[in-house]
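User: I am new to this structure and would like to learn how to read a few of its features. Please take them one at a time.

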Amino acid sequence: MNLKDKISNAERILKMYWSRLEKLGIYTFEDFLFHIPFRYEDYSLISKISRVQPGETVTIQGEVLEIKTQYTKRGKRIQRAKIQDDTAVLDVIWFNQPYLTRTIPQNSNISLSGKAELNGQKIIMQSPEYEILTPNNAEQNAEQRGKTIHTGRLVPIYPETHGISSKWLRRQVHRILTEHKNKLDEYLPYSIIEKNNFLEFKEAIEQIHFPKSIEYALKARQRLSFDELFLLHLASLSRKNQWKQSFPGFAFSVYEDKAKDFVNKFPFTLTISQKRATEEILNDLASDKPMNRLLEGDVGSGKTVVSAIAMYVAFLNGFQSTLMAPTEILANQHYNTISNLLAPFGVKVGLKTGSSKYRVSSIKKKKAKNILNTKYIIHNTDLDILIGTHAILSEKVKFDKLGLVIIDEQQRFGVEQRSIIRQKGKNPHLLTMTATPIPRTVALTIYGDLDLSYLDEMPIGRKKIKTWLVPTEKRGAAYKWIETQIKQTDSQAFIICPFIEESESMNTVKAAKKEYERLKKEVFPHLRLGMLHGKMKAKEKEEMLTTFRDKKMDILVATPVVEVGIDIPNSTIIIIEASERFGLAQLHQLRGRVGRGDKQSYCLLFTQSESELAKKRLKSMETVHNGAALAELDLQLRGAGDVYGTLQHGKKQLKIASFSDFNLLEKVKKEAKNIFPELEKHPLLLEKLQSVSIKQVSPD
Ligand code: ADP
Ligand code: MG
């Protein structure tokens, strides 16, 4: 190996770690410090060897008399060691870890933590945690205990991922803490710390990882949870403040008669909540204070048409609108819906997505490309509405007269993206939409700057999706039922494969492909199956969906990250594998992909879990059909991190606090309100706040 090889090898190792750390959401030193243990192993009982009792979880410390690898009768390798302190000798065994004979030198001083067991008459330890003591802390006394990190204390256990163990993380965190501790300046006003009897910031960070006692771990958690929600709430207050300064916007005329004519042309009547939301939105548009509203509503509750009415009103006022969606499939779908609705009223609608798709209703493709791909401003003589993906954010896209910005599935976009798109106009009105059910208390904390409209009912005539929890032994029967159902009612089905890791990785894709092959060959050999996953190219996805939509396929096997809002009315069955891994709200969103037409639809939840809690949660899907109610329920049953889960972002958004801690939310709101008017007096807090605003957290 020459020098060059070595370097590239080292780089490879570094890269390997980084890609693994990415899965845990760790990118910076600070991220390590905020990688919060989810529990502690209590190894704080340090005992002399002669006093160790069988069954006890204990730490012993002594000298390594010998350590060697032996073969068992069956040819397995085990490592045996003898450890001696001033009272006795203890036998220790590890299994198949030959490297230990190198990492644990003879005569070294060692600290071992684990469970003592009886082997015949003798007490031994099997596979204990170990830690070589430096000569310095070899003679451990009570005061020095804090110096060990893997043994002899409360030891943090972290969320792990393949190739990143808690032990490894512990070492990194400890090193970073030692080296950077003095950079952890206190930023909370002292009055808040005192009043709430909080630990100081530096101490809280130390104690959350390496607590002196469980009480300290709890105190650290209190302090850091407060901080997390406090900063989020302050950020929303300061966004609200900034918004106030973005005056004046455009006050539109509502053109009530024309808007009514437009609505009357719909093939359905608006639901009461659609009407109410429309009114709230039109009121906002009529004011020169720019709208900043969140339209929340279950999948299928009809948010798109509401946004179309707003865009029509903008058009009537001679203004342009833009609608940004998180995926090409959704952007295409919106383009079709919106241009169908609005083109008959003379509105020119355009589409721009990453895969160089340019379309403008009633204009030839070449000209459309000209309009949408020049460096010049898009004039409102060319285009009234531009729909697209984040391709719209490109510098090349400039509007002549942008009056209304709509962001669909807003939780998928960051604050910067929202601000970039707004800056393409002069204080345009902003409507964001989401299907993620957010309990009100939570919304008030993190979206305190937004006004809320809520679509709390489904269009009339929509049948409830019949939902069943299917235990393993009924799987075969369920497959048969599905086949018959598809054949008899001429409908289609989705099968959602479980996700294996937090974000959709190649492993998830591989598992899904395997399942797809199995289903095709063994379960449904007489049906036509297709597959859709997040790693496919946009064009392939679109083709697959078109094939499915055109009924050239019976079953679409898909990974869960695929397309939140796809609208295929002929599919009436959805099967969700390993459903216990999802939050109820997520299951509800997935379920919302069927039940869009007038046929009866079905959702089958497969699970192999035997846990009573898991079954209870999933059972509630059979009776509860309201996203917000399911979110609340999950909040009670499992805590918020899980409700909002990991499906859409690949990582949890709250690191330590819980949205279900209503007392804390109250405290946070009170303190934030007090401090906000005099924020400038607290420069360190301000600085901290800036980093939060950039990262801004959303609950799913
Ligand atoms: P969301 O974006 O809220 O999930 P969409 O706006 O895509 O829902 O609407 C879902 C489907 O319901 C669309 O096919 C739409 O045309 C239809 N729809 C919307 N509002 C109504 C209504 N009031 N009555 C009947 N169908 C409706
Ligand atoms: Mg939608």
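Analyst: This is a predicted model.

User: Which hand does the crossing of H9 and H11 have?

Analyst: The crossing of H9 and H11 is right-handed. The contact involves Lys258, Ala259, Phe262 and Val263 on the H9 side, and Ala308, Ile309, Tyr312, Val313 and Leu316 on the H11 side. Sorted by class, this contact has eight nonpolar residues, one charged residue and no polar ones.

User: At what angle do helix H9 and helix H11 pack?

Analyst: H9 spans residues 256–264 and H11 spans residues 303–316. They pack at an angle of about 140 degrees, and their axes are 10 Å apart. Only angles over 145 degrees count as roughly antiparallel, so H9 and H11 are oblique to each other.

User: How many residues of helix H19 are buried?

Analyst: Buried means under 20% relative accessible area. In H19, residues 584–591, eight of the eight residues are buried, so this helix is largely enclosed by the rest of the structure. Among them are Leu584, Leu587, His588 and Arg591.

User: What is a disulfide, and how many are counted here?

Analyst: A disulfide is a covalent bond between the sulfur atoms of two cysteines. The count here is zero disulfides, with a cut-off of 2.5 Å between sulfur atoms.

User: Are cysteine 497 and cysteine 603 buried or exposed?

Analyst: Cysteine 497 is buried, at 1% relative accessible area. Cysteine 603 is buried too, at 0%.

How values were computed
Residues are numbered from 1 along each chain as its sequence is written. Chains are lettered from A and ligands numbered from 1 in the order in which they are written. This is a predicted model: local features need pLDDT of at least 70, side-chain atom pairs count only at pLDDT 80 or more; totals for chains, interfaces and linings use all residues. Side-chain values use heavy atoms; hydrogens and water are left out. Buried means under 20% relative accessible area, exposed over 50%, partly exposed in between (1.4 Å probe, protein chains only). Axes are lines fitted to C-alpha atoms, for helices over the stretch in contact, and angles run from 0 to 180 degrees between N-to-C directions. Helices (H or I, at least four residues) and strands (E, at least two) are DSSP runs, numbered from the N terminus. Angles under 35 degrees count as roughly parallel, over 145 as roughly antiparallel, 65 to 115 as roughly perpendicular and the rest as oblique. A crossing is left-handed if the near helix is turned anticlockwise from the far one by less than a right angle, and right-handed if clockwise. Contact means heavy atoms within 4.5 Å. Ala, Val, Leu, Ile, Met, Phe, Trp, Tyr, Cys and Pro count as nonpolar, Asp, Glu, Lys and Arg as charged, and the others, Gly among them, as polar.
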